[in-house]
Amino acid sequence: MSKKKYVGVYSTTLKDGTPSFRASITYCGKHIALGSFSDADTASKVYKDAAAVLEDDNITISSYNKSMHLPFEKFVSLINFRDKGMYISNPIYLEKKYFLYFLSPVNILKFDIDDLFYYSSHKIMQRGNHLFVADYGSQISILSRYGIKSYAVEGRDYIFANDDHNDLRYENIIVLNRYMGVRQYNFRGFVRYKSVIHIKSNYVIGNYRTEYEAAIAYNKAADILIKNGIKKNFVQNYIEDLSPSQYADLYMKVDISPAIYELKP
């Protein structure tokens, strides 16, 4: 008895000898892999879902439901290819000036179109509230692309202008504090900067007119504490906007709270 033939399904064998079935489809001259499955029947159903998506403009991303066999990420990619003429393997849907990245049917991120090349080749992963990509063997927070450090706290060090945490367009992210230990605050209508260092608890280093002074004050306090014998790996602030001579001049001038000089191991 001959085996049943499935359109768009190809049988193969894994390294350990386990049978596997690959589904794929061709659309507008592009051959698209849909995935590998343990049985031919499932692979065939995935192919049929993909064919339906590509043939029916009435199927939108919101049409996706759990009864479908086609993986959601591939579902988004196919709809984008059908509507926009560009195939992207990651779950991205293009709009005119931005694009949507679908972590799930209900968890959708919005990015500037300038970031399309990066996120077309870097898959976003999520652990709790932490969003990251794998880059050069490391897990890189997507917030680092905006100059937001790993220790930054939302509401204190950065805010979303429209209060939408999923809107990651550059105009929507406002970085308040770029440097370690620096806190921005308002004093009688003026922006001021407080420098704070942590050793078992927080110690105020001083209050300053510029974030550069506050950042350098943090570095100076760290140097003092290390010299006093406190063994801690302080993260020093690097200020690329200042020349070495400008940095040295501010380093000498910034005042440090006397309490910092008195701290001992």
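Colleague: Which residue in the turn between β1 and β2 has a positive phi?

Modeller: Glycine 17 does, at about 90°, in a hairpin with five residues between β1 and β2. Before we go on, this is a predicted model, where local features need pLDDT of at least 70 and side-chain atom pairs count only at pLDDT 80 or more, while totals for chains, interfaces and linings use all residues. Residues are numbered from 1 along each chain as its sequence is written, and side-chain values use heavy atoms, with hydrogens and water left out.

Colleague: How many bridges are there between β1 and β2?

Modeller: Five, with β1 (residues 9–13) and β2 (residues 19–27) antiparallel. Strands are DSSP runs of E with at least two residues, numbered from the N terminus, and two of them pair if DSSP finds at least two bridges between them. Tyrosine 10 has arginine 22 in β2 as its bridge partner.

Colleague: OK, on to β13. Which strand does β12 pair with, and over how many bridges?

Modeller: β12 (residues 182–187) pairs with β13 (residues 190–199), antiparallel, over six bridges. Tyrosine 185 is opposite arginine 192 in β13. That hairpin has two residues between the strands, and arginine 188 takes a positive phi near 55° there.

Colleague: And what joins β13 to β14?

Modeller: Seven bridges, again antiparallel, with β14 covering residues 201–208. Tyrosine 193 has tyrosine 208 in β14 as its bridge partner. One residue lies between β13 and β14, and lysine 200 in the turn has a positive phi of about 70°.

Colleague: Now the holes. What is the volume of the largest pocket?

Modeller: About 410 Å³. On a 1 Å grid over the protein atoms alone, a pocket is an open set of points with protein on both sides within 12 Å along at least five of seven lines, while a cavity is a set where a 1.4 Å probe fits but cannot get out; lining residues have an atom within 4 Å of a point. Points are joined across faces, edges and corners, and the volume is the space filled by probe spheres set on them.

Colleague: Which residues are closest to the centre of that pocket?

Modeller: Asn129, His130, Leu131, Leu143 and Tyr158, out of 21 lining residues. The elements giving two or more residues to this lining are β8 (130–135) and β10 (158–160).

Colleague: How many cavities of 30 Å³ or more are there?

Modeller: One. The largest cavity has a volume of about 50 Å³. Its lining has 14 residues, with Tyr151, Ala152, Asp157, Asn177 and Arg178 nearest the centre.

Methods:
Helices (H or I, at least four residues) and strands (E, at least two) are DSSP runs, numbered from the N terminus.
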